[in-house]
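Take a short walk through this structure. Keep the sequence and the 3D view side by side as you read.

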Amino acid sequence: MLPCGVMILALHSARLRFRATDGQGHSIMYVIVEIGGTQEKAEKGQKLRIPLMPDEVGKTVTFPNVLMVVEGSDKMTIGAPYVSGATVEAKVLSHGKSDKIRIGKANRRKRYRRVIGHRQDYTEVEFTKISA
């Protein structure tokens, strides 16, 4: 029987492996791209909600700030800070608002209660092309 610390370490290291193939053994190419101040993982054909962009529905948008490119399980390119020549193209699918978040603040014993709501605008895109 293993000590408790070793078992936890073994479970933790098993979760850290990245998925380089799909269920059928095909290699997967994905990138880490900076969009709207956040880092997102992008694969071809994946749909993602990002902060609102002024582009029209149906247009193609190019994201040049690619931080990392992974091709299969044997090739990984990390930029400093960006990978030169790598871009990601996406098609704008729709614009919308996310679910409402309710924010409340209160001062106890003062009869002070305030509840406000917020709905974040988003743009839904589908990644169509990854060039590295």
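Start with L52, which sits in the loop between β3 and β4. Strands and helices here are DSSP runs (helices H or I, at least four residues; strands E, at least two), numbered from the N terminus. This is a predicted model, in which local features need pLDDT of at least 70 and side-chain atom pairs count only at pLDDT 80 or more, while totals for chains, interfaces and linings use all residues. Residues are numbered from 1 along each chain as its sequence is written, and side-chain values use heavy atoms, with hydrogens and water left out.

Is L52 buried, exposed or partly exposed? L52 has 46% relative accessibility, so L52 counts as partly exposed. The cut-offs are these: buried is under 20% relative accessible area, exposed is over 50%, and partly exposed lies in between (1.4 Å probe, protein chains only). Which residues does L52 touch, leaving out those up to four places away in sequence? They are H95, D121, Y122 and T123. Contact means heavy atoms within 4.5 Å. L52 and E124 are 72 residues apart along the chain, yet their C-alpha atoms are separated by 8.6 Å.

Move on to E124. Its place is strand β10, residues 121-131. E124 is buried yet has no salt bridge. A salt bridge is a side-chain nitrogen of Lys or Arg within 4 Å of a carboxyl oxygen of Asp or Glu. The nearest side chain of opposite charge to E124 is R49, 4.6 Å away. For charge, Lys and Arg count as positive and Asp and Glu as negative; His and the chain ends are not counted. Not counting residues up to four places away in sequence, E124 touches K47, L48 and R49, and also K91, V92, L93 and S94.

D55 lies in the loop between β3 (47-51) and β4 (60-63). D55 is buried and has no salt bridge. Its nearest side chain of opposite charge is K59, at 4.3 Å. Beyond its neighbours within four places in sequence, D55 is in contact with V61, V92 and H95. V92 is also among the contacts of E124, and H95 is also touched by L52.

One joins K41 and E43, with the closest N and O atoms 3.9 Å apart. K41 has 34% relative accessibility, so K41 counts as partly exposed. The other joins E71 and K75, with the closest N and O atoms 3.9 Å apart. E71 is partly exposed, with a relative accessible area of 30%. K75 is partly exposed too, at 45%.

Now step back to the whole chain. The protein has 1 helix and 10 strands. Along the sequence the pattern is α-β-β-β-β-β-β-β-β-β-β. The protein has 132 residues, and 25% of them count as buried. Of the contacts with a separation of 6 or more, 62% are between residues 24 or more positions apart. Y30 lies in strand β1, residues 29-35. Y30 counts as buried because its relative accessibility is 7%.

Turn to the surface. Its accessible area is about 9700 Å², of which 52% belongs to carbon and sulfur atoms. Accessible areas come from the Shrake-Rupley method with a 1.4 Å probe; for residues, only the protein chains shown count as cover. K97, K100, R102 and R119 gather in a patch of positive charge. Patches are made of residues with over 30% relative accessible area and no salt bridge; like charges are joined within 9 Å, and nonpolar side chains (Val, Leu, Ile, Met, Phe, Trp, Tyr) within 5 Å. The place of a charge is NZ of Lys, CZ of Arg, CG of Asp or CD of Glu. R102 lies in strand β8, residues 101-107, and is exposed, with a relative accessible area of 63%.

A nonpolar patch is formed by I101, I103 and I116, with about 290 Å² of accessible area together. I101 lies in strand β8.

End at R114, in strand β9, residues 112-118. R114 is partly exposed, at 43% relative accessibility. Leaving out residues up to four places away in sequence, R114 touches I103, G104 and K105. R114 and G104 are 10 residues apart along the chain, with C-alpha atoms separated by 5.6 Å.
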